[in-house]
Amino acid sequence: MTGTLEQRSAPAEGRTSLLGTSAARKEDDRLLRGDGRFTDDIEPAHALEMAVGRSPYPHARILGIDLGLAAELEGVRHILVGADVRSATRPLTVLRPVPGAPALPYYALAGDVVRYEGEPVVSVVATSRAVAEDALELIEIDYEPIPHVSDAMAALEPGAPQVHPGLVERNLMVSNPEGTGDPEARVAAADVVVEGRFRINRVTGLPMETRGIVAEWRPGARELTVHSSTQVPHLVRKQLAEVLSLPESDIRAVASDVGGGFGLKLGIYPEDVLACLHAMALRRPVKWVEDRMEHFRATTHAREATHDYRIAARSDGQIVAITDTYATDLGGWNSSFGSAQLSSVVFTGPYKVDDGYVERRVVLTNKTPIGAYRGYGQPEVNFACERLIDRLARRLGIDPLELRAKNMLRPEDLPWRNPAGAVYDSGDYELCLRMAAEAIDYDAHRAAPRVPRADGRLVGIGLSSFVERTGYASSRFLARRGSQFGAHESVTLRANRSGGIDVYTGVSTMGQSSETAFAQVVGEVFGIAYDAVKVHAGDTGASPLNTGAFASRTMIAAAGALTAASEALQAKTLRLAAWILECGAEDVEVAGTVVRRRDDPAVSVPLADVFTAAILGQGIPPEEEPGLEATAHFEPTDAAYSFGTAAALVSVDPDTGEFDVERFVLVHDCGTAVNPMVVEGQVRGALVQGLGAALGEELRYDADTGQLVNGTMMDYFAPAAPDVPPIELLHTEVPSPVTPFGIRGVGEVGTIPPAAAIANALCDALVDFGVELDTLPLTPEVVWQAMRGR
Amino acid sequence: MTDDVDVTVTVNGETVTARVPPRLHAADFLRHRVGLTGTHVGCEQGVCGMCTVLVDGDAVKSCLLFAAQLDGCTVRTVESLATGDRLHPLQQAFKDAHALQCGFCTPGFLMTVTALTDRGERLSEPEIREEIAGVLCRCTGYDPIVKAIARHLDATAADDAARAAR
């Protein structure tokens, strides 16, 4: 099945129910009515508010902290400094350690040294945020600035300032090499070798809701309740237990509505620990909501990396080896998810190459810690790989489309293990490539004479092909990487007396439409009406232990758990209904709100009656236990690999370098689409984030002062509605053989191809200038400079 | 505090009287004093547009106003749109077009477009994009929002024309 998803909104053949339809979203009504419940909407009685004082320096010794009159200010209730935190907590734990790297003792407040601008140094709780901020202004902190380093490549040079002296030599946390075959021998013997250094910009995911927490402690009940804007409430609970030395049973973490996550809200941050410490000291609820200025400095950044990428090929275009040695800028500390790991996993893209080598070098600098962000390394490596494919094509005089097609893995090659060990499950990569080319009218462009258009602009088309890892290949795979979370999802289904099914999940709701998709799977498998399924998300006090919403993994894993739990619940439901209808369980079926006889649908019993009988234990067979509830866990055996090709058409003013993306086509395969409307939304939304990172977004640090120079919304240019080029989405639908229903993840794909496709289009338009773009973001200034060979 | 100021505001048809600190901004006032948490705060510098409400019919960013400046004004927030359990046609248009994901920005768009709708114009797609440039969304990529607004403006204009014809 190929085409636009709107063309296939009817149920797939043989299906009469919910899966594969654009069911209306469960989440919408409350959000449309201003009735969502985000963290700052939660206001427990007698709550106090926290404000955090942060380092203005990228690197400095703290010589002293003088609280001055802050403690006497009316309304101030509690102040914490670094020494308090060191005596009361353990260092922050991480969820995805850098394999082979030393642990860094990252506490919620700085000790003797601050390592990035924005690092928390002191925190104050008062009757209002305003009063707490007043108090911060009364606190004198004596800093002694010390030399800093804000560029990862400079940090590796001899003599560079050391971010963690004694713990990490030369600012290199670790090198992680992977590969197969003998790429160096292949390179030496190759007809042609192209290589380049590609710089990927530091950006941030910028969810519209910043982070936030409300912490409440009842010492008598030994209950710490934490409302948090997080993608992973069960992992927040785990980490808080570790850092605060509390048993997990004393902690309940709740994420109700989350206003966007994108990877930034994975695991705890220093402020989460601080709010809990204050609340436990005061026996009063403490709220902290990050302001946007803080967000730009205190919430993880992403992407920044330098790739030295190399492709060796025969003169006929056959690729014989690929190598990539890259440095990721971790910032001053290791965050919960640290620097991106997927650049290594998919470094060879969709191409068939047996000899390959990839090495990740994780580098410390005096900048805000790097964390996960939608794509998690895949946009970065795609930019390097796909730019070089085009350069190879130009070098060999081969059409870039045909060069890609020649080297792509074919459906019959799959499953296939790439040189980094990733096992691509299935797909037709070339089909997506050809569809993208056709949609953008590639052949006509190639056939047209290379002259400026009537408006004086030069036109170019660029392609970018990719594979994308979605989900995780089992907990055994994660164990080898030291990850502190599982690969499974879990769910509890509970029948209620109204004839509905309550679904309890630890997957919080952050825009990804999991409530909708979960209800669709339950409806599909159990047979119950969609409207009779209610999803209760994000409360560790109600949901089974799970992993969480990240890595495009939720549906892949949760669909299995939802299916197993629905089947178990349905089997018992049918037995109880058959008892009521005085027939065999094999003679009845669930249909919407009733259970009915297969041979005589007029004979039925309402689900409400069956469920009530089960809950009461009255009117059920003597051998049956009362109750109707099922919990299931599911762990996929393998990751599923999404894939696709993007094509961009740009026009460039050859005098100024100003350019427009006039068309952007993405052909993509996420396997079976549970809800086509939601799939479109996920792909389109991620695509615009990818376009933002490709064309304008960049967190810039001043080399002299080490300070973030554009850390406000006023000068960090996330796309607004007029900035978005026309986007055309096309899909293929190759079910994955390794996941329930053949689902592949869909949340991150759009971030991957925009930068390379647009850069390739610009280089195509400007081929007569010999332009080769290797730095992001792609601004008119960058293009203009490249045209002039600077 | 002695320098607190008295304000009387009509919010969603109800009169609210309060004594507020002079530095309290209007968005925080609506959220934390009036209890209307549908108005969201995303940047507190007038860029993101989450906090957009109607003040005397104009769409304004309430983080850039002090609560004290609302004295004597009529304010409408997102909570005023639906009637009972029935979504306002604009809300329904957003739902139909999948014009929201996390929903944090949605009230800002809804109130911006409510003011736009009151002008009674049909707008081209580029014009709609310019009109909503003051509200950011990080989830949808905007196209579904633009589509929802276009449909809503067209339907509203058609309704108005039909009413005028009667």
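Author: Helix 10 of chain A passes helix 11 of chain A in a right-handed crossing. Please keep in mind that this is a predicted model.

Reader: At what angle do helix 10 and helix 11 of chain A cross, and how far apart are their axes?

Author: The crossing angle is roughly 110 degrees, and the axes of helix 10 (residues 378-396) and helix 11 of chain A come within 9 Å. Helix 10 of chain A is therefore roughly perpendicular to helix 11 of chain A, since angles of 65 to 115 degrees are counted in that way.

Reader: Which residues of helix 10 and helix 11 of chain A meet?

Author: From helix 10 of chain A come E386(A), I389(A), D390(A), L392(A) and A393(A), and they meet P400(A), L403(A) and R404(A) of helix 11 of chain A. Sorted by class, this contact of helix 10 with helix 11 of chain A has five nonpolar, no polar and three charged residues.

Reader: How does helix 11 of chain A pack with helix 12 of chain A?

Author: The two helices, helix 11 and helix 12 of chain A, pack at an angle of about 165 degrees, and their axes are 10 Å apart. Because angles over 145 degrees count as roughly antiparallel, helix 11 of chain A is described as roughly antiparallel to helix 12 of chain A. The crossing of helix 11 past helix 12 of chain A is left-handed. On the side of helix 11 of chain A, the contact is made by L401(A), E402(A), R404(A) and A405(A), and on the side of helix 12 of chain A by E430(A), L433(A), R434(A) and A437(A). By class, the contact of helix 11 with helix 12 of chain A has four nonpolar, no polar and four charged residues.

Reader: Let us turn to the backbone. Where are cis peptide bonds found in the chain?

Author: One cis peptide bond joins L414(A) and P415(A), with omega about 0 degrees. P415(A) belongs to the loop between helix 11 (400-407) and strand 17 (416-417) of chain A. Another cis peptide bond runs from L776(A) to P777(A), with omega near 0 degrees. P777(A) is placed in the loop between helix 19 (754-765) and helix 20 (780-787) of chain A.

Reader: Which residues other than glycine have a positive phi?

Author: R283(A) is one of them, with phi near 55 degrees, and D441(A) is another, with phi of about 65 degrees. R283(A) sits in the loop between helix 7 (270-282) and strand 13 (286-289) of chain A, whereas D441(A) sits in the loop between helix 12 (429-439) and helix 13 (442-447) of chain A.

Reader: Is S642(A) buried or exposed, and what does its side chain reach?

Author: S642(A), in strand 27 (residues 640-652) of chain A, counts as buried because its relative accessibility is 0%. The side chain of S642(A) reaches the backbone oxygen of G745(A) at 3.0 Å. Beyond four places in sequence, S642(A) touches several residues, including F466(A), H668(A), C670(A) and R744(A).

Reader: What other polar contacts do side chains make?

Author: The side chain of R597(A) makes a polar contact with the side chain of D599(A) at 2.9 Å. R597(A) lies in strand 24 (residues 594-597) of chain A. E524(A), which lies in helix 15 (residues 514-526) of chain A, has a side chain that reaches the backbone nitrogen of L18(A) at 3.2 Å.

Reader: What surrounds P183(A)?

Author: Leaving aside neighbours within four places in sequence, P183(A) is in contact with A321(A), T323(A), D355(A), G356(A) and Y357(A). P183(A) is found in helix 5 (residues 183-189) of chain A and counts as buried, at 9% relative accessibility.

Definitions and conventions: Residues numbered from 1 in each chain as written. Chains lettered and ligands numbered in written order. Predicted model: local features only at pLDDT ≥ 70, side-chain atom pairs only at ≥ 80, totals over all residues. Heavy atoms only, no water. Helix = DSSP H or I, 4+ residues; strand = E, 2+ residues; numbered from the N terminus. Polar contact = N/O pair within 3.5 Å; in protein donor to acceptor, adjacent residues only side chain to side chain. Axes fitted to C-alpha atoms, helices over the stretch in contact; angles between N-to-C directions. Parallel < 35°, antiparallel > 145°, perpendicular 65-115°, else oblique. Left-handed = near helix turned anticlockwise from the far one by under 90°. Contact = heavy atoms within 4.5 Å. Nonpolar A, V, L, I, M, F, W, Y, C, P; charged D, E, K, R; others polar. Buried < 20%, exposed > 50% of the residue type's maximum accessible area, 1.4 Å probe, protein only.
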